[in-house]
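Here are my notes on the two-chain model you sent. Please read them with the coordinates open.

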Amino acid sequence: MSARNVVAIIFFVIVAMFLVFIALMTHPFGDPGSAEMDQYIIDNTQRETGADNGVTSVVFDYRGFDTLGEATILFTAVAGVILVFRRLQK
Amino acid sequence: MSGMSKIVKTISNIIFPFITIFGLYVIAHGHLTPGGGFQGGAIVASGCAMILVAYGSLWTMDKIKEKQLSILESLGAIGFIGVAFLGLIFGLVFFKNFLVNQDTIPIFNEIGKGLSNINTAGVLPLMNFAVGLKVIVGLFVIVLVMAYATRPNGGEIE
């Protein structure tokens, strides 16, 4: 058995143990974990952002960077589609 | 893809304004009711795609150039990031909602108490409009370019 295979087996065992421990550490199904963030948003979203829709206030205010990433993904998708299909024209 | 029959064109002409107005309503009321920029933009873009299917890609490409659509989508992106940078300038934090809880411009300063007015929520409607414009034009450009590239004799390189 070569050294490469030994390294691969050791790495596999470490990753497998990591995954098993993570699976054992998850909380039971149906039992909510920490709910403090939910309660904070429900209590404070109207006072802090003035919006009635809590989802929009989270998407555009509390997590604006996430929406910026989504907009960037859309821009990249459009640019990619135009780049691919323009070669077929003319 | 050529145009479809006269019946399809007539029905599309009739229901296209209603689809557009409903989509703009969803965008404008994104901070009050379920929906928002992405969802309303998808509705308006589907209406534009219906016109594209009814009239054909050649006719649509004759009426509107993808250069103009590119400029519109860039305007949406610049508006979104510009509002975020205005938050950095006036509120010292990127993506700060600087139009709410302040006294300089009181028209945007209303705090929602259930069933609010449309001028609540500070910069959220502006961001909704920017993202809505971006999604409308982006999805329509995707459908238009793909339909135009698959027209008869469109795939051949001459």
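1. The largest nonpolar core has 41 residues in this predicted model. Met127(B), Ile136(B) and Phe140(B) have the most contacts inside that core. Both chains supply it. From chain A, helix 3 and helix 4 each give at least two residues. Helix 5 of chain B gives the most, with 16 residues.

2. What does Phe140(B) touch, leaving aside its neighbours within four places in sequence? The contacts are Ala45(B), Cys48(B), Ala49(B) and Leu69(B).

3. Chain B as a whole: five helices and zero strands. The pattern along the sequence reads α-α-α-α-α. Chain B has 158 residues, and 38% of them are buried. Take the contacts in chain B with a separation of 6 or more: 67% of these join residues 24 or more positions apart.

4. Now the interface. On the chain A side, 24 residues are in contact with 34 residues of chain B. Helix 2 (36–49), helix 3 (54–62) and helix 4 (64–86) of chain A each give two or more residues to that side. Helix 4 of chain A gives the most, with 10 residues. By class, the chain A side has 12 nonpolar, nine polar and three charged residues.

5. Helix 4 of chain A packs with helix 5 (residues 124–149) of chain B at an angle of about 20°. Their axes are 9 Å apart. Angles under 35 degrees count as roughly parallel, so helix 4 of chain A and helix 5 of chain B are roughly parallel to each other. Their crossing is left-handed.

6. Which residues make this contact? Helix 4 of chain A brings Thr67(A), Ala71(A), Leu74(A), Val78(A), Val81(A), Ile82(A) and Phe85(A). Helix 5 of chain B brings Val131(B), Lys134(B), Val135(B), Gly138(B), Val141(B), Ile142(B), Val145(B), Met146(B) and Ala149(B). The contact of the two helices divides into 13 nonpolar residues, two polar and one charged.

7. Helix 3 of chain A has these buried residues: Thr56(A), Ser57(A), Val59(A), Phe60(A) and Asp61(A). They pack against helix 2 and helix 4 of chain A, and also against helix 5 of chain B.

8. Within chain A, helix 2 and helix 3 pack at an angle of about 70°, with axes 10 Å apart. That angle makes helix 2 and helix 3 of chain A roughly perpendicular to each other. Helix 2 of chain A contributes Ile41(A), Ile42(A), Thr45(A) and Thr49(A) to the contact. From helix 3 of chain A come Gly54(A), Ser57(A), Val58(A) and Asp61(A). The classes are three nonpolar, four polar and one charged.

9. Is Phe12(A) buried or exposed? It counts as exposed, because it has 10 C-beta neighbours inside 10 Å, and 12 or fewer is the cut-off for exposed. Phe12(A) sits in helix 1 (residues 3–25) of chain A.

Key:
Residues numbered from 1 in each chain as written. Chains lettered and ligands numbered in written order. Predicted model: local features only at pLDDT ≥ 70, side-chain atom pairs only at ≥ 80, totals over all residues. Contact = placed C-beta atoms within 7 Å. Helix = DSSP H or I, 4+ residues; strand = E, 2+ residues; numbered from the N terminus. Nonpolar A, V, L, I, M, F, W, Y, C, P; charged D, E, K, R; others polar. Axes fitted to C-alpha atoms, helices over the stretch in contact; angles between N-to-C directions. Parallel < 35°, antiparallel > 145°, perpendicular 65-115°, else oblique. Left-handed = near helix turned anticlockwise from the far one by under 90°. Core = buried A, V, L, I, M, F, W, Y, C linked by C-beta atoms within 7 Å. Buried ≥ 20, exposed ≤ 12 C-beta atoms within 10 Å, placed from the backbone.
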